[in-house]
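Hello,

Here is the structure we talked about. Please open it first, then read the notes below.

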Amino acid sequence: MRWYQPLVYVWASPTTLLGLLAVPLALMQGGSARVVAGVLEVHGGIITTILRRGLPWVGSVAAMTLGHVVWGCDERSLELTRPHERVHVAQCERWGPLFIPAYLLLSLLAWCRGMNPYLDNPFEREAYGFSDRET
């Protein structure tokens with residue numbers, strides 16, 4: 001653990017708190033949660049419903065990161081998306097409370113330019129391992 005890790009958790013805490021909001025309800029609905037390498041991974045119940053229903057510009061997703069919380073549809077989804085979602089955790093650690101506004105702004109800018117608001121978002125391009133030169 002890095003000496004400044006507690007500060008990183010505090011910096012990312014506003015986004016993490018959003019991720020924690022659905023956790024009690026998901027657990028009461030039979031969901032599951034566990035900590036993997038300092039990140040709370042949660043699946044089931046309301047979380048699965050939200051992810052399968054989808055996000056406005058993406059549609060249905062297998063997993064989603066909110067700070068140091070990763071929501072997944074199920075255990076397998078969390079396992080398969082772990083490398084991608086850990087990039088988003090690192091992004092949340094860098095951007096802190098600015099992560100969600102920056103993510104949404106970059107999605108909006110991509111959409112306004114006629115691009116895909118999800119796949120052309122620089123945060124997603126980094127998480128998928130695309131460089132800015134790849135299309």
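**Helix packing**

Helix α1 (residues 5-20) packs against α4 at an angle of about 95°, and their axes lie 8 Å apart. Axes here are lines fitted to C-alpha atoms, for helices over the stretch in contact, with angles from 0 to 180 degrees between N-to-C directions. Helices (H or I, at least four residues) and strands (E, at least two) are DSSP runs, numbered from the N terminus. The pair α1 and α4 is therefore roughly perpendicular (the class for 65 to 115 degrees; under 35 is roughly parallel, over 145 roughly antiparallel, the rest oblique).

From α1, the residues Gln-5, Val-8, Trp-11, Ala-12 and Thr-15 meet Cys-92, Glu-93, Arg-94 and Trp-95 of α4. Contact means heavy atoms within 4.5 Å. By type, this contact has 5 nonpolar, 2 polar and 2 charged residues. Ala, Val, Leu, Ile, Met, Phe, Trp, Tyr, Cys and Pro count as nonpolar, Asp, Glu, Lys and Arg as charged, and the others, Gly among them, as polar.

A word on the source: this is a predicted model, where local features need pLDDT of at least 70 and side-chain atom pairs count only at pLDDT 80 or more, while totals for chains, interfaces and linings use all residues. Residues are numbered from 1 along each chain as its sequence is written, and side-chain values use heavy atoms, with hydrogens and water left out.

**The sheet**

There are 4 strands in an open sheet, in the order β1-β2-β4-β3, with mixed pairing. Strands pair if DSSP finds at least two bridges between them. β1 (32-36) and β3 are at the edges with a single partner strand each, so one side of each has no neighbour in the sheet. On average, neighbouring strands are turned by 20° against each other, direction ignored. α4 packs on this sheet and touches β1, β2, β3 and β4. The direction of α4 makes about 140° with that of β2.

β1 and β2 run antiparallel, joined by 5 bridges. Val-36 has Val-39 in β2 as its bridge partner. The two strands β1 and β2 form a hairpin with 2 residues between them. In that turn, Ala-37 has a positive phi of about 50°.

β2 (residues 39-43) pairs with β4 (residues 69-72) in the parallel sense, over 4 bridges. There, Val-42 has Trp-71 in β4 as its bridge partner.

Best wishes
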